[in-house]
Amino acid sequence: MTQSMEEKAKKTKIIVKAPTQERSRQTVATILDACSRLLISEGFYSITTDKIAKEAGVSIGSLYQFFGNKESVVQAVVKNIIEEDKRLISEKMRPISPLPPEQRVKAMIELAVETIRRNSDLRAKLTTIQYYVADAAYISESIRFFQEVVRYNLPQIPGRDMDKVSYLVVNAFIGLVNTMSIDKPEAIHDQAIVNEITQLFFKYLDLDTPVATATVGASAATRAKGDFI
């Protein structure tokens, strides 16, 4: 019987087993670090399980104890990044939540940018393939986590459905940073761009626009003619 495309797709994303002992966890961490380095230097389509094992300094047999193929290794890399994002957001939102509305929203945007800047080179390589290798249900669940954080911390806007507002804010931010990761990865490190992102969301949320912070390097007024970003 011919396998369906869905069945074949599932088989390309198999994680054989989760590590339970410290030594096994260290082996997996070493494999994921090696895979991350190779993704940055060579890209997804150029790497193989053999290359990952060699870069990690482990046997191919050791890699296959935990992962079925390179897709499953990359899937674990994606999950690690997202889980660390969740941890950082949860931890750093604690001192932000009590702030007045405008300060709170500005700090939330700055935290989101700070989080994306972490491992920005790796994120740029993962943007176009993360939805292929990662489990769709896990991605959706993670996006809902960020939406709930934003929804809880947004000020109430009269006449607006705040569930929909938080949904659009989170997905608009993800769309912006994903596009920048593909088109101009360094843009997320440009304070002038971050100021514009802040202005964008403040306007949408009907908040008083914060004063833009000083930028490093050329400002919009002194930027070379013809520069887009």
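Is Phe44 buried or exposed? Phe44 counts as buried, because its relative accessibility is 6%, below the 20% limit for that class. The structure is a predicted model.

**Aromatic pairs**

- The count of aromatic pairs comes to 3.
- Phe44 and Tyr45 make an edge-to-face pair, because their ring planes stand at 80°, over the 60 degrees that this class requires. The centres of these two rings are 5.0 Å apart.
- Tyr132 is partly exposed, its relative accessible area being 39%.
- Together, Phe44, Tyr45 and Tyr132 form one aromatic cluster.

**Cavities**

- Searching the whole structure gives 3 cavities of 30 Å³ or more.
- The volume of the largest cavity is about 760 Å³.
- Its lining is made up of 34 residues, and those closest to the centre of the cavity are Ile116, Phe146, Val170, Phe173 and Ile174.
- Six stretches of helix each supply at least two lining residues: helix 5 (70-92), helix 6 (101-117), helix 7 (120-126), helix 8 (130-133), helix 9 (136-153) and helix 10 (162-183).
- Sorted by class, the lining of the largest cavity holds 26 nonpolar, 6 polar and 2 charged residues.

**Nonpolar core**

- In soluble globular proteins, nonpolar side chains tend to be buried together.
- The largest nonpolar core here contains 62 residues.
- Within this core, Leu39, Phe67, Val74 and Leu126 touch the most other members.
- Leu126 is in contact with Leu39, Val74, Val77, Val78 and Ile81, when its neighbours within four places in sequence are left aside.
- Two of these partners, Leu39 and Val74, are themselves among the core residues that touch the most other members.

Note on methods: Residues numbered from 1 in each chain as written. Predicted model: local features only at pLDDT ≥ 70, side-chain atom pairs only at ≥ 80, totals over all residues. Heavy atoms only, no water. 1 Å grid on protein atoms, 1.4 Å probe; cavity = no way out; pocket = protein on both sides within 12 Å on 5 of 7 lines; lining within 4 Å. Points joined across faces, edges and corners; volume = space filled by probe spheres on them. Helix = DSSP H or I, 4+ residues; strand = E, 2+ residues; numbered from the N terminus. Nonpolar A, V, L, I, M, F, W, Y, C, P; charged D, E, K, R; others polar. Core = buried A, V, L, I, M, F, W, Y, C linked by side-chain atoms within 4.5 Å. Buried < 20%, exposed > 50% of the residue type's maximum accessible area, 1.4 Å probe, protein only. Contact = heavy atoms within 4.5 Å. Phe/Tyr/Trp six-rings, centres within 6.5 Å; stacked < 30°, edge-to-face > 60°.
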